[in-house]
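Have a look at the structure below before reading on.

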Amino acid sequence: MTLQALVWDVDGTLAETEDEGHRIAFNRAFEEAGLPWRWDRAVYGELLRITGGKERLLAWWQRVDPEAAAAPATAATVRRLHERKTAHNLELLRGGAIALRPGVRRLLEQAQRQGLRQAIATTTTPDNVTGLLEVALGAAGARMFEVIGAGDAVPHKKPAPDIFHWVLERLGLPAQACLAIEDSAAGATAARAAGLPVVVTRSRYTAADAVGEVLADLGDLGEPAAAAQGTAGGRRWSGVVDVDTLRAWHRGAAG
Ligand code: XBP
Ligand code: MG
């Protein structure tokens, strides 16, 4: 089946948002609320196994203070803290703290020029997606994507396939006509469970993730001056990932 759409993840794939945005934003929200919690890289790396910021926050609370976390007011407190965290993250984005990863803008623009459809399937809050796109790509950024599936649009976050089903339904395409670009085990698992072939570009926190069967497993998408490194079809691969590369890998997956 011909490749008709790219379905992009956001956090870790478009940009290193986890380390440069979300983690810092959580810590700022904790500090502002007078809470002693601070998430360093080691702790956050481990907490990333729980997808969804509100879910991550609740899991942390249950771990450090199970009694307080069992109180009826907890859900509302988590929601409020998370709202403040999102505000801090948007402030970091707008301050220019976070740039797109290598090859992302190049591939997005090439896909757009060639009429390849593009969508987003992410666990993060919608405001974080539009904030990043606007800062990194300008007003035209969000228009590059026909469908944006994000956050609580579905009941079960990645590694569940729900957000991919949601996006596919709106694209009106079968999973095999699409290709997902992800950075993590949770993302790759979700995409595969929905039937999409996956290309992985590993991010700062996902270098050691067991991503399972993927079309390619790379450090990034590469730029002409700095080729991407990794494996494709189980062999060493080095180069610049462009639309032709993705089409070739996708054809290979279709047999
Ligand atoms: C991203 C997430 C999100 C972000 C934080 O996963 O799990 O929860 O860490 O964003 P993926 P929110 O890249 O697989 O989509 O706090 O807005 O949830
Ligand atoms: Mg991700």
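At roughly what angle do the axes of α3 and helix α5 cross? They cross at roughly 125°, and the two axes come within 10 Å. Keep in mind that this is a predicted model.

## α3 against α5

An angle of roughly 125° makes α3 oblique to α5. The crossing of this pair is right-handed. On the α3 side, the contact is made by G53, K54, L57, L58 and W61. On the α5 side, it is made by T74, T77, V78, R79, L81 and H82. Sorted by class, the contact of α3 with α5 has 5 nonpolar, 4 polar and 2 charged residues.

To find these pieces in the viewer, look for α5 at residues 74-94 and for α3 at residues 53-64.

## α1 against α5

Now bring in α1, which covers residues 17-32. α1 packs with α5 at an angle of about 130°, and their axes are 8 Å apart. These two helices are therefore oblique to each other, and α1 passes α5 in a right-handed crossing.

Quite a list of residues takes part here. From α1 come E20, G21, H22, I24, A25, F26, R28, A29, F30 and E32. From α5 come L81, H82, R84, K85, H88, N89 and L92. By class, that gives 7 nonpolar, 5 polar and 5 charged residues for the contact of α1 with α5.

## α1 against α3

The remaining pairing here is α1 with α3, which pack at an angle of about 55° with their axes 13 Å apart. α1 and α3 are therefore oblique to each other, and their crossing is right-handed.

Which residues meet in this pairing? E18, F26 and F30 in α1 meet G53, R56 and L57 in α3. The class count for the contact of α1 with α3 is 3 nonpolar, 1 polar and 2 charged residues.

## Around ligand 1

Which residues come nearest to ligand 1? There are 17 residues around the ligand, and E18, G53, H82, K85 and T125 come nearest.

One lies 3.1 Å from a backbone N or O atom of D11. For G52, a polar backbone atom is 3.0 Å from an oxygen atom of the ligand. K158 uses its side chain: a polar atom there lies 3.3 Å from a ligand oxygen atom.

Conventions:
Residues numbered from 1 in each chain as written. Chains lettered and ligands numbered in written order. Predicted model: local features only at pLDDT ≥ 70, side-chain atom pairs only at ≥ 80, totals over all residues. Heavy atoms only, no water. Axes fitted to C-alpha atoms, helices over the stretch in contact; angles between N-to-C directions. Helix = DSSP H or I, 4+ residues; strand = E, 2+ residues; numbered from the N terminus. Parallel < 35°, antiparallel > 145°, perpendicular 65-115°, else oblique. Left-handed = near helix turned anticlockwise from the far one by under 90°. Contact = heavy atoms within 4.5 Å. Nonpolar A, V, L, I, M, F, W, Y, C, P; charged D, E, K, R; others polar. Near = heavy atom within 4 Å. Polar contact = N/O pair within 3.5 Å; in protein donor to acceptor, adjacent residues only side chain to side chain.
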